[in-house]
Amino acid sequence: MGNRCRLRTAICHGNSRRCGYPGLRAHNPPTFPITQRSRRTYICGVKQPPHCQMTTHKQDAGAQATQMNMLMDIKRGRLSHLSITRCVFNQLLIKSGRALKKMSNTAVGVIPSHVNPDLQEERDRASFNVTELTNIIDGGAEKTLLRKRLEKLIFSDPDFQKFPDIQTFGTNSEFYSATVLKSTKLFKLRRELKWTDEEFDIALRLGGQGHALGLQHGMFIPGLERLATEEQKAKWLTLAKQYKIIGTYAQTEMGHGTYLKGLETTATYDPKTQEFILNTPKISSIKWWPGSLGKSTNHAIVLATLVIKGKKYGMHPFFVQIRSMTDHTPMTGIKVGEIGARMGRMTSDNGYLILNNIRIPRENMLMKNAQVSPDGSFTAKAPNQANYATMVMVRVGLSYYSYQLLSRGVTIGVRYSAVRRQSKLDPKEREPKILEYQTQQYKLFPGLALAYAIFFSSRSLRMKYMEAYQEIKNGNLQKLPELHCESAGMKAFCTDNMLRELEIIRQSCGGHGYLNASGIAMLVTIAAPMVTVEGETTVMYLQVARYLVKRFANASTGQQLDGCTAYLSMDHAAYMCPLMSEDDCRNMSRLCDIYSYRVYMTVSRVAKQLQTDIMNGMPQHFAFNKNLVNLVRAAKAHCYYSVVKDFSKAIQSMQASPQTIKALKTLCCFFAIHGITEESGDFLETESIGLEQLQWIKRLQGTLLAEIRSDAVALVDAFDHHDISLSSAIGSYDGNAYERLFDSAQKDPMNKEEVHPSYFQYLRPFIQEMNKAKL
Ligand SMILES: CCCCCCCCCCCCCCCCCC(=O)SCCNC(=O)CCNC(=O)[C@H](O)C(C)(C)COP(=O)(O)OP(=O)(O)OC[C@H]1O[C@@H](n2cnc3c(N)ncnc32)[C@H](O)[C@@H]1OP(=O)(O)O
Ligand SMILES: Cc1cc2nc3c(=O)[nH]c(=O)nc-3n(C[C@H](O)[C@H](O)[C@H](O)COP(=O)(O)OP(=O)(O)OC[C@H]3O[C@@H](n4cnc5c(N)ncnc54)[C@H](O)[C@@H]3O)c2cc1C
């Protein structure tokens, strides 16, 4: 068996038992048109001159044989007592190394300049205009041009081009440095080119995964905007926006992240000096997790419990200098550092912070929502939850970020499935693309549909947020409870489902999905903390449930509800499943009615159970805990319904060609019916549908998989993620997955030396010892 076969087996046929070593002749021809001449010389998808193929093969075989003979000699004891010097071994290994290197210079490492025909074939069969859909996603053709202009500018920088490799192979420290470089470059470009906020947002998104200074824009600046007075903004916001100070948002402690009333860091007012004294009283009070805190920032918004004359006034924000502006060392009384290695890549330097009698002027409390006067009197302009405003904003942002991550993941999964061929469907035909398998479609298309659903729904949430934020800024907090419910719900729904789908997509890529170079493995680890940050999923769903139960109680007294819970005040008494035939299952309005009835029933049941428990004398907190699982179920049902509704509404109001609308409608319908099949127990139990309807829906699911299949590549192309943003060997636009995989492996630092130092240190002495040993 020559190298070609071995290589081919390793990369191309990881899981194919039937094919064994199919070589290059039989039923697995190269994936792009080649001439008669080049057909003979095709190795692993790469054309090469015939002479290279022969020499490479011969040299390598020769070196292998010599090495094998020597090992046999050692085994037989002939060489065991000879001094097998490092030099002899080296010569042998260098020889075989040279052979391999020669091979890698010729046979591999060449990425074809054309698109893989398997992928091109998919693009040629698209039923709609991909650019039109890209323009819709970007917000108009001119916005697409703007993004592409920024892409061209940013990705022409060699430091950005290098980033995917550092992400794949770099150490945590190297990766961190690269993300600092990336952040500072973008910040500088913003200044120099006078980017608008929109342009800068696009640039941040394009920059791929990880921004060491991401919290500056993610939370520090938004925190100052939302929590500081006008006077304070004039002082610090300007500095932050000009990058003269770099900051973070330090709220979570080792002992408490969720329960904000339990925060232990104290800010005690001293009226004599008109200062606050900040302290970390015990180990559980250490600030733990804030992004960019570990090594990057020199300032922080520190959230601490305000104490005046021994009385506690809840959590409030304070503006604190953490590090020196001259040499970046911690300020006196401050201990700060990195919290340690984490799952996956370090996309930010999460840190810890200990405050020991840190005195800050009274004016350093961010006093938009509450003030402490020089004599120590406390006045609040708004409920304490007004101080949670930054979190609400980030929750809205994370919903959209979920789209970003998932759309990248599904782009990788679908493109790879269109170029990967494995096993057999029809024994007489060549191996099919794995995208042909219905099970593969079932792994990929829920994620594809979810990406679009999240995109449209988070866009709608962002618009609601902007509207409500203007009112909240002017002191009208009326919309805050609903905004809190919607942002908490969407944050939980989007991050939770995005992570689940990404992991399924990763598995759908088989073995290669486990490689960093695939890009998809990295996306899973980047997505993993998103379910925890900014409000853990269950906790956020429970906030939604609390709001739903309250609104249900209002509706029960005859109040007409509006907003996202309007359905709770509708008359559901005469509900009958609106699906009369299989054709009805494509009717989005009917599917929405089914969803709305399911939520209504889920909310009403748990609300009634709570009421019964409390009426029976159970303390309220106990009754809540007894019903938590059903409360979360109700919240999830509400969120799924909201997303289905938003997705469907967005298509209804869309200005687009009939073909594009049709493709999106198919996807939207699939999203809705997939949700029903996944939760069929709930839908049946609440009698939102019957058994017959479930059978129709399941049949339609199969039909829709086949319909989506023909547009799958076009639907992911429409996201239009740049290859550098994707950082994926198997999901790049050209579909040359195997060549890129091999090319990527060559860059692994482990491959820099033919023989690893551990060989000389451990393996060789071990082999020698084993050979000396008597049986
Ligand atoms: C890179 C570029 C950047 C671009 C940015 C965009 C995104 C990009 C993302 C990529 C980077 C990722 C960055 C990640 C950063 C993570 C940062 C963090 O984790 S930071 C740390 C994040 N940490 C967390 O998220 C902590 C999670 N914990 C909490 O938020 C709260 O403790 C709680 C909600 C659980 C409870 O609230 P609590 O007050 O303790 O107690 P009760 O339950 O008794 O509620 C009482 C009443 O208050 C009401 N209400 C509550 N909240 C709100 C609100 N926000 N509003 C209004 N109202 C609210 C509630 O409804 C109730 O009303 P009612 O019924 O009485 O009428
Ligand atoms: C990568 C990353 C970045 C972060 N960045 C920042 C940052 O910049 N600034 C910052 O301040 N913080 C940051 N955090 C902290 C983050 O906000 C918290 O970890 C998060 O809010 C969850 O809180 P927790 O860790 O206390 O989880 P816990 O609340 O301890 O959750 C553990 C379990 O307890 C359950 N639980 C807790 N309370 C309840 C309840 N009331 N009812 C039912 N179940 C409950 C949860 O559902 C969960 O299953 C970051 C965290 C991570 C992982």
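Predicted model: local features only at pLDDT ≥ 70, side-chain atom pairs only at ≥ 80, totals over all residues.
Let me start with glutamate 534, which counts as buried because it has 23 C-beta neighbours inside 10 Å, where buried means 20 or more other C-beta atoms within 10 Å of a residue's own, exposed means 12 or fewer, partly exposed means in between, and the C-beta atoms are placed from the backbone. Glutamate 534 lies in the loop between α16, residues 520-527, and α17, and helices here are DSSP runs of H or I with at least four residues, while strands are runs of E with at least two, both numbered from the N terminus. The phi of glutamate 534 is near 55 degrees, a positive value in a residue other than glycine. As a general point, most residues other than glycine have a negative phi.

Residues are numbered from 1 along each chain as its sequence is written, and chains are lettered from A and ligands numbered from 1 in the order in which they are written.

Serine 292 also has a positive phi, of about 65 degrees, although it is not a glycine. Serine 292 is found in the loop between β4, residues 287-288, and β5, residues 299-308, and it is buried, with 29 other C-beta atoms within 10 Å.

Now the whole chain. The protein chain has 26 helices and 11 strands, and of its 775 residues 42% count as buried. Among contacts between residues at least 6 apart in sequence, 75% join residues at least 24 apart, a contact being two residues whose C-beta atoms, placed from the backbone, lie within 7 Å.

Which residues does arginine 345 touch, if we do not count residues up to four places away in sequence? Arginine 345 touches Gln167, Phe175, Gly210, Met522, Thr525 and Ile526. Arginine 345 is found in the loop between β7, residues 334-338, and β8, residues 351-355, and it counts as buried because it has 21 C-beta neighbours inside 10 Å. Arginine 345 and threonine 179 are 166 residues apart in sequence and 11 Å apart in space, C-alpha to C-alpha.

Proline 432, in the loop between α13 and α14, counts as partly exposed, with 16 C-beta neighbours inside 10 Å. Leaving out residues up to four places away in sequence, proline 432 touches Arg421 and Leu425.

Next, two helix pairs. Helix α14, residues 438-473, and helix α15, residues 480-508, pack at an angle of about 160 degrees, with their axes 9 Å apart. That makes α14 roughly antiparallel to α15, because angles over 145 degrees count as roughly antiparallel, those under 35 as roughly parallel, those from 65 to 115 as roughly perpendicular and the rest as oblique. Axes are lines fitted to C-alpha atoms, for helices over the stretch in contact, and angles run from 0 to 180 degrees between N-to-C directions. The residues of the contact of α14 with α15 divide into 15 nonpolar, 7 polar and 4 charged, where Ala, Val, Leu, Ile, Met, Phe, Trp, Tyr, Cys and Pro count as nonpolar, Asp, Glu, Lys and Arg as charged, and the others, Gly among them, as polar.

In the second pair, the axes of α17 and helix α18, residues 588-615, come within 10 Å and cross at roughly 85 degrees, which makes α17 roughly perpendicular to α18. Leu548, Val549, Phe552 and Ala553 in α17 meet Val603, Ser604, Ala607 and Leu610 in α18, and the residues of this contact divide into 7 nonpolar, 1 polar and no charged.

Finally, the ligands. Around ligand 1 there are 30 residues, the closest being Gly214, Gly218, Tyr388, Gly397 and His484, and a residue belongs to such a shell if its C-beta atom, placed from the backbone, lies within 6 Å of the molecule. Which element gives the most to the shell around ligand 1? That element is α13, with 6 residues.

Ligand 2 is surrounded by 21 residues, and the closest are Gln251, Thr252, Gly257, Thr258 and Thr538. Here α17 gives the most to the shell, with 3 residues, and the residues of the shell around ligand 2 divide into 9 nonpolar, 10 polar and 2 charged.
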